[in-house]
Amino acid sequence: MEHVELAAGELLLRPWQDEDAPAVRDALRDPAIAQWNPQGDDLIDDEVALLWVRRRADWSAGDHASLAVTSAVDGELLGSVSLHHIRNGDASIGYWTAPAARGRHVALRAVVRLTDWAFADLGLHRVELCHAVANPASCRVAERAGYPAEGTLRESYRYGDGRRYDEHLHARLATDR
Ligand SMILES: CC(C)(COP(=O)(O)OP(=O)(O)OC[C@H]1O[C@@H](n2cnc3c(N)ncnc32)[C@H](O)[C@@H]1OP(=O)(O)O)[C@@H](O)C(=O)NCCC(=O)NCCS
């Protein structure tokens, strides 16, 4: 899969670069991001952050499309948005927003833009979004991004603290309005 850049108003979604590693290191150490992602924050040093960035910059396997969410004005790194497990017209979407950028609907706008691209350009049919029931901000992002809730998955995912949490499954179809 070829890299893309997606403009979304004052946001620019662009491929990850090595230079993002220090900001990623700081973001992955944020307690909320560490909690609601699988990696936790135990060993997030410069090397781990650089590997994280390089994995997401490498789209060659065709199974993910991961983008840095940045300010189109000054290039500041604001967050992360990714399509994972792209296969047979399906994918799942994940995201985080750096602490300093929260409260401005950055994740919502990034999820909407990447989903539109997934349907229009990648030809996907269904994109799933899962979040811990204990993470209501993420539920709000999902609902507002047009991903209705489909049900609750019991103790379905091990998050950053190593514990299993119930999750809400949300999804959007290409044919949804
Ligand atoms: C979830 C997350 C991406 C949202 O960040 P954001 O893009 O800045 O979103 P906002 O702060 O603008 O909040 C989005 C909505 O959630 C609401 N919200 C924020 N914190 C909330 C909370 N603790 N409880 C309930 N609602 C909350 C906001 O009021 C807003 O609602 P609105 O759309 O009605 O205005 C961010 O909190 C984050 O990175 N969390 C840690 C990582 C994470 O949870 N990733 C998702 C894993 S599934």
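This is a predicted model: local features need pLDDT of at least 70, side-chain atom pairs count only at pLDDT 80 or more; totals for chains, interfaces and linings use all residues.

User: Which residue does Arg-109 meet in a salt bridge?

Analyst: Arg-109 sits in helix H4 (residues 106-120), and its partner lies 99 residues apart, in the loop between strand S1 (6-8) and strand S2 (11-14). The N to O distance is 3.6 Å, and the partner is Glu-10.

User: How far apart are the closest N and O atoms of Asp-46 and Arg-25?

Analyst: This pair links distant parts of the chain, with Asp-46 in helix H3 (residues 46-57) and Arg-25 in helix H1 (residues 21-28). Asp-46 has a relative accessible area of 48%, so it goes down as partly exposed. A salt bridge needs the nitrogen within 4 Å of the carboxyl oxygen, and here the closest N and O atoms are 2.5 Å apart.

User: Which residue is linked with Arg-25 and Asp-46 in a network of salt bridges?

Analyst: Asp-46 and Arg-25 form a salt bridge with each other. The network they belong to also takes in Asp-26.

User: Is Arg-126 buried or exposed?

Analyst: Arg-126 is in strand S6 (residues 126-132), and it pairs with Glu-150 in strand S7 (residues 149-158), 24 residues apart. Their side chains meet in a salt bridge at 2.8 Å, N to O. Glu-150 comes out partly exposed, at 44% relative accessibility. For Arg-126 the relative accessible area is 19%, and the cut-off for buried is under 20%, so Arg-126 is buried.

User: How many salt bridges does the count come to?

Analyst: The ones we've been through include Arg-109 with Glu-10 and Arg-126 with Glu-150. By the 4 Å rule, the count comes to nine.

User: Now the cysteines. How many disulfides does a search of the whole structure find?

Analyst: A disulfide is a covalent bond between the sulfur atoms of two cysteines. Two sulfurs have to be within 2.5 Å to count as one. The search of the whole structure finds zero.

User: How far away is the cysteine sulfur nearest to Cys-130?

Analyst: Cys-130 is in no disulfide, and its nearest cysteine sulfur is that of Cys-139. Cys-130 counts as partly exposed because its relative accessibility is 32%, whereas Cys-139 is buried at 18%. The distance from Cys-130 to that sulfur is 11 Å.

Terms used:
Residues are numbered from 1 along each chain as its sequence is written. Side-chain values use heavy atoms; hydrogens and water are left out. Helices (H or I, at least four residues) and strands (E, at least two) are DSSP runs, numbered from the N terminus. Buried means under 20% relative accessible area, exposed over 50%, partly exposed in between (1.4 Å probe, protein chains only).
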